[in-house]
Amino acid sequence: MLRHLLFLCLVGLSFHASAVDYMTEEQAQAAMMPNLVLSKVAVKLDPAQRNQMEDRSGVHEPFDEHRVWKASTGQYFIVDEVVGKHEKIKYAVSLEANGAVKQIEVLTYRESYGSEVRRPEWLSQFFGKTSKDTLKLGADIQGISGATLSSKHIAQGVKRILAFYDLVLAQP
Amino acid sequence: MLQFRGLVSLGLFAFALSAQAGESPFGWIYTADLTPKGAREYEHKSFLQNGQSKGEYSYWKHAEEIEFGVTDNLQVSFYLNWSQVNASKNGVNGETGGPGTDLSASDNPFGRFRQTRVDTVSSEIIYRLMNPYTDSFGLALYLEPEIGPKERELEWRVILQKNYIDDRLTLATNITGVHEREEGAMELEKASMLDLTFGGSYRFINNWSAGLEARNHQEFLGYGYQSKEHSAWFLGPNIHYGSQKFWVTAAWRHQMPWVKGYSQDQRDEIVSGRIYGDEHARNEFMVKVGVPF
């Protein structure tokens with residue numbers, strides 16, 4: 001019995017998952033904020049702000065506020081991660097000075113299905129969205145066939161970044 | 001033997017084709033997470049019933065499956081089901097028997113029974129009515145007809161799923177009915193069962209999930225649910241690894257000493273609160289491997 005179980009596990013584990021890192025943070029900065037000098041924004045979220053971000057977005061995954069940059073134009077560049085089917089999905093969002101989504105890039109995606117979340121035509125749905133939009137799958141954001149979980153979590157993640165802008169970055 | 005080698009070759013070939021929807025973190029519980037439209041997956045399942053009240057007993061039921069996503073809400077699979085049984089003096093009365101054994105009148109009732117055979121082919125259809133990621137909960141219906149030289153079976157399920165905490169925590173329950181006809185060397189058996197399985201699985205780090213699952217099993221005589229024979233409980237842990245290329249799930253269920261027998265025949269198969277006979281063992285193990293291609 002044990003030999004049989006071991007054989008099956010070894011056969012299964014002999015297939016190695018290959019990580020797909022499409023862009024580094026630096027490459028994303030260069031592509032999404034060309035010719036702009038970015039400086040890191042020093043932010044420390046308090047528990048109440050974190051709770052509000054979670055309530056507005058539904059995302060429980062901890063938000064790392066140390067990955068926020070600002071350009072001299074007032075635009076922001078933010079890197080975040082959400083839960084994928086098996087691993088985290090890392091993505092970058094740039095915001096206009098008024099807090100509207102300027103651009104999104106998926107930096108890391110390591111799932112069997114749904115790499116379409118990287119497609120510009122899907123990501124472009126988010127452009128211009130602000131914290132006032134719901135960013136709800138099936139409402140103002142269309143999901144991706146075969147990648148419902150990934151597209152839902154990215155939409156919620158962008159919603160969280162917009163909540164972060166509203167609660168923290170937009171405050172005087 | 002040739003038949004067995006052929007099956008192993010088929011399994012290895014399918015592995016070589018190079019895993020994920022139909023992917024479940026549970027050993028026995030189905031979820032409403034289906035193979036997407038246009039996607040295919042090869043899956044191998046090995047289910048082991050091990051140990052009865054005494055003697056030696058192990059019964060492996062293997063399935064080689066090809067799964068297709070017809071639409072995002074309709075998944076179809078085809079199975080080849082084969083088994084291996086090895087039993088010796090394992091019955092409550094010291095005779096050889098148990099699930100998967102089929103002794104004829106000329107066999108020594110106290111001898112060893114060992115057999116590898118292809119049992120059946122089956123087809124599984126799952127239709128999803130509600131998506132656990134976008135609706136308030138997941139709901140799917142399942143139907144699996146199975147046919148072989150000595151067996152015919154119809155299995156149906158109602159699959160319910162609810163996710164929490166960024167879909168890291170999956171709670172699922174299945175209501176399963178089975179109606180079977182099995183022709184043995186000495187008798188023809190017609191039976192039905194009604195199972196309630198439920199459990200939870202939590203993804204504690206990237207790729208890895210673990211949880212618990214439980215099964216309440218009720219067995220009936222004939223094709224209906226009028227004549228109940230026994231009720232038994234099984235409980236145990238599961239662990240799941242899933243990645244871009246493949247997934248593996250392993251689970252164990254232990255028969256809890258809470259059985260109820262509803263006839264003298266059934267009560268005769270109960271030892272220390274657990275039932276054995278032609279249906280059950282002390283422990284059940286499941287290993288599943290899935291590879292999308």
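1. Two residues are in contact if their C-beta atoms, placed from the backbone, lie within 7 Å. Helix α2 of chain A, residues 25-32, lies across β1, β3, β4 and β5 of that chain. Its direction runs at about 155 degrees to β5(A). Note that this is a predicted model.

2. What is the strand order of the open sheet in chain A? Five strands form it, in the order β1-β2-β3-β4-β5, and the pairing is antiparallel. The edge strands are β1 (38-40) and β5 (101-108) of chain A. Each of these two pairs on one side only. From one strand to the next, the twist averages 25 degrees.

3. Strands of a sheet pair through backbone hydrogen bonds, either parallel or antiparallel. In chain A, β3 (residues 76-83) and β4 (residues 88-95) take the antiparallel sense, over eight bridges. One position to look up: V79(A) has A92(A), in β4(A), as its bridge partner.

4. A further helix meets these strands. Helix α5 of chain A, residues 148-169, packs on the sheet and touches β3, β4 and β5 of chain A. The direction of α5 makes about 135 degrees with that of β3(A).

5. Now chain B. How many helices and strands does chain B have? There are two helices and 15 strands. Of the 293 residues of chain B, 40% count as buried.

6. On overall dimensions, the C-alpha atoms of chain B fill a box of roughly 55 × 40 × 35 Å along the principal axes. The radius of gyration of chain B is 19 Å, which agrees with a compact globule, because a globule with 293 residues would have a value near 19 Å.

Methods
Residues are numbered from 1 along each chain as its sequence is written. Chains are lettered from A and ligands numbered from 1 in the order in which they are written. This is a predicted model: local features need pLDDT of at least 70, side-chain atom pairs count only at pLDDT 80 or more; totals for chains, interfaces and linings use all residues. Two strands pair if DSSP finds at least two bridges between them. Helices (H or I, at least four residues) and strands (E, at least two) are DSSP runs, numbered from the N terminus. Axes are lines fitted to C-alpha atoms, for helices over the stretch in contact, and angles run from 0 to 180 degrees between N-to-C directions. The radius of gyration is taken over C-alpha atoms; the globule rule is 2.2 Å times the number of residues to the power 0.38. A residue is buried if 20 or more other C-beta atoms lie within 10 Å of its own, exposed if 12 or fewer, and partly exposed in between; C-beta atoms are placed from the backbone.
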